[in-house]
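This report describes one protein model for a reader who has not seen it before. The sequence and the structure come first, and the description follows.

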Amino acid sequence: MMILGIVAVCVVLALLAFLVPRLSQHPQRGTQRTLGLGSRAGEKAPGVLGRALSKPFRSSSKAVGRSGSAGRRARGHMPF
């Protein structure tokens, strides 16, 4: 379920970044901040368990950042 949620957020951010690049940065930062909180909470568990619990949040944050930047980059390549 979490995977579908992250995919949906990435798609929405990519579309938002493509349509209105300046307005997409605030939602992207907010999403990454929220995922960072989850990652830091997962890291509090000891040892390998902490790394395992925080990894999905870190990789999701990276995906959100990549989709937002890809939308803005695609907008920059448009001829009009």
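Is Met 78 buried, partly exposed or exposed? Met 78 is partly exposed, because its relative accessible area is 30%, and buried means under 20% relative accessible area, exposed over 50%, and partly exposed in between (1.4 Å probe, protein chains only). Met 78 sits in the segment after α3. Its C-alpha atom is separated by 48 Å from that of Pro 46, a residue 32 places away along the chain.

**Basis of the model**

This is a predicted model, in which local features need pLDDT of at least 70 and side-chain atom pairs count only at pLDDT 80 or more, while totals for chains, interfaces and linings use all residues. Residues are numbered from 1 along each chain as its sequence is written, and side-chain values use heavy atoms, with hydrogens and water left out.

**Overall layout**

The protein has three helices and zero strands; helices (H or I, at least four residues) and strands (E, at least two) are DSSP runs, numbered from the N terminus. Along the sequence the pattern is α-α-α. The C-alpha trace spans about 50 × 20 × 15 Å along its principal axes.

Of the 80 residues in the protein, 26% are buried. The accessible surface comes to about 5700 Å², and carbon and sulfur atoms account for 69% of that surface; the areas come from the Shrake-Rupley method with a 1.4 Å probe, and for residues only the protein chains shown count as cover. Contact means heavy atoms within 4.5 Å. Among contacts between residues at least 6 apart in sequence, 64% join residues at least 24 apart.

**How α1 meets α2**

Two packed helices are described by the angle between their axes and the distance between the axes. Helix α1 covers residues 2–19 and helix α2 residues 25–43; their axes come within 10 Å and cross at roughly 155°. Axes are lines fitted to C-alpha atoms, for helices over the stretch in contact, and angles run from 0 to 180 degrees between N-to-C directions. α1 and α2 are therefore roughly antiparallel to each other, a term for angles over 145 degrees.

The contact is made by Ile 6, Val 9, Leu 13 and Leu 16 of α1 together with Pro 27, Gln 28, Thr 31 and Leu 35 of α2. By class, these residues divide into six nonpolar, two polar and no charged. Ala, Val, Leu, Ile, Met, Phe, Trp, Tyr, Cys and Pro count as nonpolar, Asp, Glu, Lys and Arg as charged, and the others, Gly among them, as polar.

**Two serines and two other residues**

Ser 60 lies in helix α3, residues 47–76, and Ser 39 belongs to helix α2. Ser 60 counts as buried because its relative accessible area is 9%. Leaving aside neighbours within four places in sequence, Ser 60 is in contact with Met 2, Ile 6 and Leu 35. With neighbours within four places again left aside, Ser 39 touches Ser 54, Phe 57 and Arg 58.

Ile 3 is found in helix α1, and Arg 66 in helix α3. The table gives accessibility for these residues.

| Residue | Relative accessible area | Class |
|---|---|---|
| Ser 60 | 9% | buried |
| Ser 39 | 7% | buried |
| Ile 3 | 66% | exposed |
| Arg 66 | 54% | exposed |

Ile 3 and Ser 24 are 21 residues apart in sequence and 21 Å apart in space, C-alpha to C-alpha. Arg 66 and Leu 13 are 53 residues apart along the chain, and their C-alpha atoms are separated by 9.8 Å.

Terms used
Angles under 35 degrees count as roughly parallel, over 145 as roughly antiparallel, 65 to 115 as roughly perpendicular and the rest as oblique.
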